[in-house]
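Dear colleague,

Please find below the structure that I am handing over to you. My notes on what was found in it follow directly after.

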Amino acid sequence: MAKWWKALVLAVLLSACPAWAGDGNGKVKVFILAGQSNMEGFGHIRTLAHLGDDPQYGGLLKKIRNDDGSWVVRDDVFVYFRGGKTTGPLSVGFGAYPEFVGPELMFGVVMGDAFTDPVLLIKTAWGGKDLHFDFRPPGAGKLPYPIDPEAFARRGGEKAVGDCYRKMVAETRDCLDNMGRYFPKLSGKPYEIVGFVWFQGWNEMFASKGIPFDQIMVDYPVLYATMILDLEKEFGLNRLPSVVGELGIDGEKAQGKILELRKAQAAIADRPELKGKVRFVRTAQYWDPKLEELQAKERAIQQQQRGRLKDQVAAAIKDKLVGKTPREQIDLQNKALDEAVRSTPEYKAWQAEWDALFSHWPCHYYGSGRTYCLIGYGLGEAMKELGPP
């Protein structure tokens with residue numbers, strides 16, 4: 001009975017450990033992070049505190065913020081971005097701009113905690129790029145779609161097809177060939193590429209004229225699998241584990257092309273050539289529920305304050321309406337009323353709350369640092385499940 005109990009406890013402990021736990025062969029663990037603007041990251045630093053309000057994941061804030069309010073700087077995780085123009089130890093500020101973060105922040109935290117060896121994240125991401133054209137891997141051959149000639153020329157013609165794939169490879173090689181120069185602490189250390197992170201999809205919905213959306217959706221998982229196989233050949237890898245982040249815009253309420261794209265992304269996990277080395281990671285659940293609440297609150301404030309201030313504003317601008325056309329009068333009245341509403345204490349309080357949580361466009365998850373961190377966390381946890389190459 002005692003032997004049986006010990007065996008059971010050991011089995012439970014082993015199953016609870018990350019696949020990479022305890023790995024320490026002295027090599028720097030390299031991850032390539034690729035995609036478009038949401039991999040760049042548009043979560044403003046001012047919105048990160050909201051992560052602590054999450055009932056399930058709020059404790060993650062302590063992983064990136066110190067007790068005194070300063071931001072954690074890791075001494076075991078390093079980031080290369082923008083072709084080497086932005087490099088350093090992992091912390092906030094490696095997003096699209098210095099005041100932003102992306103998935104790299106929490107993904108790097110998860111990987112740094114999983115490894116005893118140093119971790120290096122190579123970010124190769126550019127806004128507004130797609131897989132079927134910009135990241136098209138060499139193994140996929142020439143672009144087969146009957147793209148409109150003018151649209152094709154605007155995108156740079158044949159020489160532009162696959163340009164982002166080539167840049168991704170070139171920047172990865174630059175980082176690895178000059179690792180000691182970019183990161184003196186890693187000088188002389190051997191390295192191994194152990195994972196690929198893909199977070200992209202928005203521009204697949206806006207193909208150039210002549211390229212059929214339905215065909216792009218059919219080809220998406222095939223092209224992704226081809227890209228992974230090409231990267232394995234390019235860097236001499238036997239196995240390149242990869243995680244694919246779902247396009248989570250609009251959360252669980254998404255419709256139309258977003259849902260079709262999600263299906264294509266999920267289908268990647270069914271590719272036989274990627275069996276055992278890929279995970280599709282859902283992200284729709286990370287869409288911030290506070291968003292709808294605050295949008296409804298803003299509409300209510302607008303309705304209430306516009307009704308209260310309408311007559312007051314009309315009297316104040318009466319002289320400015322003299323000699324104006326009816327259309328011009330309406331425009332002036334609306335502009336003055338908007339300004340009056342935004343000046344009220346109620347609206348200012350709403351604006352302060354909004355600014356603490358959101359900072360950018362809807363296609364960038366409204367610039368929610370919380371959302372980008374949770375996406376990075378999800379990608380990292382899925383990567384751990386795949387184990388070493």
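Buried means under 20% relative accessible area, exposed over 50%, and partly exposed in between (1.4 Å probe, protein chains only). In soluble globular proteins, nonpolar side chains tend to be buried together.

Leaving out residues up to four places away in sequence, Leu 120 touches Val 28, Lys 29, Val 30, Phe 31, Phe 78, Val 79, Cys 175, Leu 176, Met 179 and Phe 183. Contact means heavy atoms within 4.5 Å.

**Conventions**

Residues are numbered from 1 along each chain as its sequence is written, and side-chain values use heavy atoms, with hydrogens and water left out. As the model is predicted, local features need pLDDT of at least 70 and side-chain atom pairs count only at pLDDT 80 or more, whereas totals for chains, interfaces and linings use all residues.

**The protein as a whole**

The protein has 13 helices and 9 strands; these are DSSP runs (helices H or I, at least four residues; strands E, at least two), numbered from the N terminus. Its C-alpha trace spans about 85 × 60 × 45 Å along the principal axes. Of the 389 residues, 51% are buried. Among contacts with a separation of 6 or more, 76% join residues 24 or more positions apart.

**Cysteines**

How many disulfides are there in the model? The count comes to 0, a disulfide being a pair of cysteine sulfur atoms within 2.5 Å. For Cys 363, the closest cysteine sulfur is that of Cys 164, and the distance of 17 Å is too far for a bond. Cys 373 is likewise in no disulfide, since the nearest cysteine sulfur, in Cys 363, is 19 Å away. Cys 363 counts as buried at 18% relative accessibility, and Cys 373 is buried with a relative accessible area of 0%.

**Loop residues**

Ile 317 lies in the loop between α10 (290-316) and α11 (326-342) and is buried at 9% relative accessibility. Apart from neighbours within four places in sequence, Ile 317 contacts Leu 332, Gln 333 and Ala 336. Ile 317 and Arg 370 are 53 residues apart in sequence, and their C-alpha atoms are 43 Å apart.

Glu 99 is found in the loop between β4 (86-89) and β5 (100-101) and is partly exposed, at 34% relative accessible area. Glu 99 and His 44 are 55 residues apart in sequence and 5.9 Å apart in space, C-alpha to C-alpha. With neighbours within four places in sequence set aside, Glu 99 is in contact with Gly 43, His 44 and Ile 45.

Two further residues are noted for their backbone angles. Most residues other than glycine have a negative phi. Asp 250, although not a glycine, has a positive phi of about 75°; this residue lies in the loop between β8 (242-245) and α9 (256-266) and is partly exposed at 35%. Tyr 365, also not a glycine, has a positive phi of about 55°. Tyr 365 sits in the loop between α12 (345-357) and α13 (369-386) and is buried at 2% relative accessibility.

Kind regards
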